[in-house]
Amino acid sequence: MNPILKRVLKILAWIVGVLVVLILTLVLYINAAWDNPVNRRVPQMSAPRDSAHIARGEFLYTNSALCWMCHGQNQSPVGPPSGGFVEDLRDLGPGFGLWYIPNITPDEQTGIGSWTDGELVRLLREGIKKDGRPVFIMPSERFHGMSDEDVLSIIAYLRSLPPVNNPVPAHQPSLLAKALFTFGVMKPRPEVMGPVPTPQKGITAEWGKYITEHATPCLDCHSPVDLNTGQFYPDSALTGGNIPFGKKGPGQQVDAPAFAYGPNLTPDPETGIGSWTEEQFLLAVRTGTRPDGRVLTNHMPYAYFGLWPEDDAKAVYQYLMSLKPVRKRVPPVELRPDITATQGVPRGGAIFKTYCQGCHGVAGAGAPPTKLILADLAQTIDDATLKKFIQEGQL
């Protein structure tokens, strides 16, 4: 072999060897450091146990913050928040792994029964668990500005529930997700240093901002996410989501009969809601009907927002109309073959799941927005009456 070539190959082998050692060292370091505890004080706060705070917490849990969408048994508001649902994020961006939603009933072994109220406040607002480790998916970015009264009301409500023993598997984060934690790309929210008051309620942009940014998932659904980090773009809030609702993990084609993106909520007249009147906005938020007559999919939880005080919805409208208009169009709703390529009962089931389930529950078994159990009603009336009920909402 040519001596020069032999020397070049030797140098290349040495470089490759060094790179392999560096990569292995980096991988070992990431696996060891990604969930190291954060040394941060626990706020000394205690949740009142009176009926008013529990009722406020139930309202936030069920109709506003919608905590049950992740923590509810079978992702339902009817069952206990015993967790267990898995967020399959392996196909989101470069892949973030599998993240299991925890049990938040007051069970001592598998839930929050052994947590102090202050530890729960820190978890909600700062994204730090009881053991000091950071969380992922938990919307602490939104809850960071939630008032003391409201965050403690949620805790009071959770404390009032029966404990459910339901062990949840450990997360399976990808190496990328671990690296983002290790190098501070994903990290807990800043420490809340003082009291956070509840803004004055009223039909004002200030109260609407509080509801939109801290007491509901509006930002989560209607804002674009950096698919490389899983973080929201701070300068693009409410300009429209970039992750379609309804998709499942890798190798699984469809989780819902329709894919939908959270639309632009800025007051741009063409791509946002700038041309909507207050009455049209209230109709969409509270009944799911757009100004053009189209019905929103169940991805928009209008059935629960319809249970808000009307002044709250009006305040949200005031806030959204105060934003800078941004011209940005999201893709339209995509109806999947479950609806477009089927007939009869399968198609009816897919349409029900897409447009009716939010109010009437899985398989028509009932849900908080209505006491009517369609599965039972349908057995007691004829087809013509049921058709009229579906079309007009009246028997």
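This is a predicted model: local features need pLDDT of at least 70, side-chain atom pairs count only at pLDDT 80 or more; totals for chains, interfaces and linings use all residues.

Guide: Residues are numbered from 1 along each chain as its sequence is written, and side-chain values use heavy atoms, with hydrogens and water left out.

Visitor: How many salt bridges does the count come to?

Guide: Side chains of opposite charge can pair when their charged atoms come close. A salt bridge here is a side-chain nitrogen of Lys or Arg within 4 Å of a carboxyl oxygen of Asp or Glu. By this rule the count is 17.

Visitor: R41 and E191 meet in a salt bridge; what is the N to O distance?

Guide: R41 lies in the loop between α1 (3–33) and α2 (51–64), and E191 in the loop between α7 (175–182) and α8 (205–215), so the pair ties together parts 150 residues apart in sequence. Helices are DSSP runs (H or I, at least four residues), numbered from the N terminus. The N to O distance is 2.4 Å.

Visitor: Is R142, which forms a salt bridge with D220, buried or exposed?

Guide: The closest N and O atoms of R142 and D220 are 2.7 Å apart. Buried means under 20% relative accessible area, exposed over 50%, and partly exposed in between (1.4 Å probe, protein chains only). D220, at 26%, counts as partly exposed. R142 has 5% relative accessibility and therefore counts as buried.

Terms used. Helices (H or I, at least four residues) and strands (E, at least two) are DSSP runs, numbered from the N terminus.
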